[in-house]
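Subject: Structure handover

Hello,

Here is the structure for you to look over. My notes follow below it.

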Amino acid sequence: MTVGLFIPCYVNQFYPNAAKATLELLQKLGVDVVYPTKQTCCGQPMANSGFEHLSQGCNDLFIENFSSFDYIVGPSASCVLHIKDHLHSDKAAVKASEIRSKIYELVEFLTDVLKVEKLDASFPHKVGLHHSCHGLRGLYLSQMSELNAAPFSKPKQLLNMVKGLEQISLDRQDECCGFGGTFCVSEEAVSVKMGKDRITDHSKNGAEYITSSDLSCLMHLEGILHRNKSKVKIVHIAEILNSSL
Amino acid sequence: MKGTLNKDHAELAEAFIKDEERVDWHDGALWFIRAKRDLASKKISEWETLREAASQIKTNVLSNLHQYLLQFEENLKKNGIIVHWADNAEEHNEIVYSILKAKEITQMVKSKSMLTEECHLNEYLEERGIEVVNSDLGEYIQQIDNEPPSHIVLPCIHKRKEEIGELFHEHLGTEKGLSDPTLLARVARKHLRNIFLTRRAALTGVNFAVAETGEYVVCTNEGNADMGAHLSEVQIASMGLEKIIPQKKHLAVFLRLLARSATGQPITIYSSHYKKPRKGQEMHLILVDAGRTRQLAREDFRGSLKCIKCGSCMNTCPVYRKSGGLSYHNTISGPIGAILAPNLDMRKHADLPYASTLCGSCSNVCPVKINIHEQLYKWRQVIVKEGYAANTKALSMKAMAWTLSSPGSFTTAGKAGRWVMHNIPFVMNNKLNPWYKQRDMPEGPKESFSQWYVKNEVDNKKNNSK
Amino acid sequence: MTTREIILEAVLKNQPAATALPDVSEFKGDRTNIVQTYIDVFKTIGGAAYLVDDLVEVRNLLHENFDFTKRIVTTLPNLTDIAELVTAENDPHSFEDVEVAIIKAHFSVAENGAVWLTDELMGQRIIPFICQHLAVIIRAEDIVPTLHEAYEIIGTGDYGFGGFIGGPSKTADIEQALVLGAHGPLSMTVYMLKQ
């Protein structure tokens, strides 16, 4: 099986280590990974602002870059979800539909497709898991706290395989961090307040690291952490799962 | 009237958030209610099935509304209730006024009705010499403070007890500094009891209107709707068209969901079924459109009319909890307000669908499974198409679309962005950049992932072929 | 065109294609420990509940629980020796000074601690709301697990007014502090007759 590696635009530019960790982790697990170098973006920032009609250029480019792979894997729940829900093309409808069914976020690819049962990873720290809303309620990576339904969590399942890692429990399991795309600047006060509250929850419960499937959430939290000179650090889940002694 | 004239949600929210201690308190109070809702919902193993049934019943109602309205009207008349129809707020208010005028009534007591709040009924009547007293304690407090309710179930959830004490001192003559909730409630009890006993007219809202039997149900914890109604000569009920439910037995589904979703209680203290007037009493019911048929026509948004006004979406919404209901400048606030309001006035409320991160928690708690977060996304597309998006947004979006659809310009933009951040950070790190107000910018790494990959592609190929 | 015609026409034009009603007959409750469940739920709501042998025991408890120097009314003809009988003829305003109202209810609902009663059991509709304290006498065996069974009994209903009453009136509008006794009764006591 071949996997096309989908690296979101901002991960590519600002968090290349998470992208490298994703690539290495997949390779370690025996996957044949290719990174199409001409990829750019999934088009989500425009669509979420009401400009879905402007994202056709991004859609076409995505289809061109990724239609030839068995699977497409990306270390970003929100970008993967966006493609899953919104990738359309009048000229390549079949290809678009195929892509929507074979694109996976990294965590769910590991649990559902590769069915990973153990990892050679070690991360001896207290870690708080931040459920990105797109990952949680969009991709259903874990059970949602609002529902009366059986608990499960794909990211927790993987983190359980990491030596030395202690998962802390939060007061509010899955409250949104407040990034929300352009929301983070158009409603700056609310966005930051939401981020601060998440950080307070993690740090009062002892987190040394906050991890997630979404670097957009983590970038927003990191901005606040740095501004407040906090000792708490962010780390993308790929980097934890790929880490070793 | 204290108002929010011309300010959008972001501005009003920012003002609310400045008092961080208050925001934390407001946020904590509402989260606590969300938590109570969770506990109550988990006690019913069939909770999710109930939600699905309620959703299907309401969907059926919307698809059959014409027939149900006719059936409801016929049964109301059989029960001796006088039926009125109002196309808009003005007409509704006129009808209430004419009912009161016919009996020479100049004072009315009112229990909770968001519809009458939407119609600005109280102001209309006051202008015509009719005094209206809101009898729900929270709404009474908001009324004496000349402020609209901030939450549809908990009207003054944003007020501290000291502020309420101050209002009571001013309007009811209580001791200055008295803020004990029980003592304040007792004073209100006495004052409002006298109102109930002396008012000849009472107006209530409608939680559920049963087409099959021509009766309607009013749910309260305080008993204020009943105190007003059973002492009145004239009882008026105002309802939106969408409050209909088809059959009596469906009340079981909705009453099991309503209070648990709203406050975590298994049922409101009073679920009163009004069917026929008391001997010597006149009962009226006003069916109101006020934009509902327009929303009914909207394929993507008609689901918002399933709403049973429980408020659980507000309690779970982190944006609502941290910005307060009054920052939504609409009678119905929060997530449900944001998908109802643009239908009423798209220009005024164009900002509301953007007052959200689309986290989806609201849709999960909604007892009738309205896909609120999806409707918020869809409203954004409509608002942009209709031309109500801020101009600056439109231009920057077009620029973004151009950059992101071309690999060449994307790479250049990315390189340029990172170079700027690395070498001349003050360009980004300044007060004009809203991100930077309270957050540091991410560090610009020396090379992007693509650059690293291309450089190391030969090594990667070697690894893959192992 | 009248407003009525305008609205009905708009509804007919705008309503979507018909969808089916779901089958709600599957929803049922469980009668295990049903009386104890009711009592437990009712107590958490702030009500007082007693499981009693007979009306004699009720009378004793009434005297223990309430101040009989104040005005006490009842709708039960066999309690008129200790309380005033409510008739439908009285002006509802005349009950303004009632301290305790002793009434019956049709049945109770275990899942939410509520009792169901209609105007025929209230004497006057205002009675259960205007009194300072509400006392309800009910047969323990007249009990259902959930609202689904409740509405099977209620049916389309031949009353002018009916209601579920689930405890003393309450409000939490002032800083979410629970206050019992908003505008309705300050307390509610249920006496369940074992018969």
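In which sense do strand 7 and strand 10 of chain B pair, and over how many bridges? Strand 7 (residues 234–240) and strand 10 (residues 282–288) of chain B pair in the parallel sense, over 7 bridges. B:M239 has B:L287 in strand 10 of chain B as its bridge partner. Please keep in mind that this is a predicted model.

That pair belongs to an open sheet in chain B. The sheet has 6 strands in the order 1-10-7-4-2-3. Its pairing is parallel. Strand 1 (82–86) and strand 3 (131–134) of chain B are the edge strands, and each pairs on one side only. On average, neighbouring strands of this sheet are turned by 20 degrees against each other, direction ignored.

Now the contact between chains B and C. Chain C gives 59 residues and chain B gives 70 residues. On the side of chain C that touches chain B, the elements giving two or more residues are helix 1 (3–14), helix 5 (127–130), helix 6 (147–154), strand 9 (161–165) and strand 10 (170–171) of chain C. Helix 1 of chain C has the largest share of that side, with 9 residues. By class, the side of chain C that touches chain B has 31 nonpolar, 21 polar and 7 charged residues.

Strands also pair across the two chains. Strand 9 (residues 270–274) of chain B is joined to strand 9 of chain C by 5 bridges. These two strands run antiparallel. B:Y270 stands opposite C:I165, which lies in strand 9 of chain C.

Best regards

Conventions. Residues numbered from 1 in each chain as written. Chains lettered and ligands numbered in written order. Predicted model: local features only at pLDDT ≥ 70, side-chain atom pairs only at ≥ 80, totals over all residues. Contact = placed C-beta atoms within 7 Å. Helix = DSSP H or I, 4+ residues; strand = E, 2+ residues; numbered from the N terminus. Nonpolar A, V, L, I, M, F, W, Y, C, P; charged D, E, K, R; others polar. Pairing = 2+ DSSP bridges. Axes fitted to C-alpha atoms, helices over the stretch in contact; angles between N-to-C directions.
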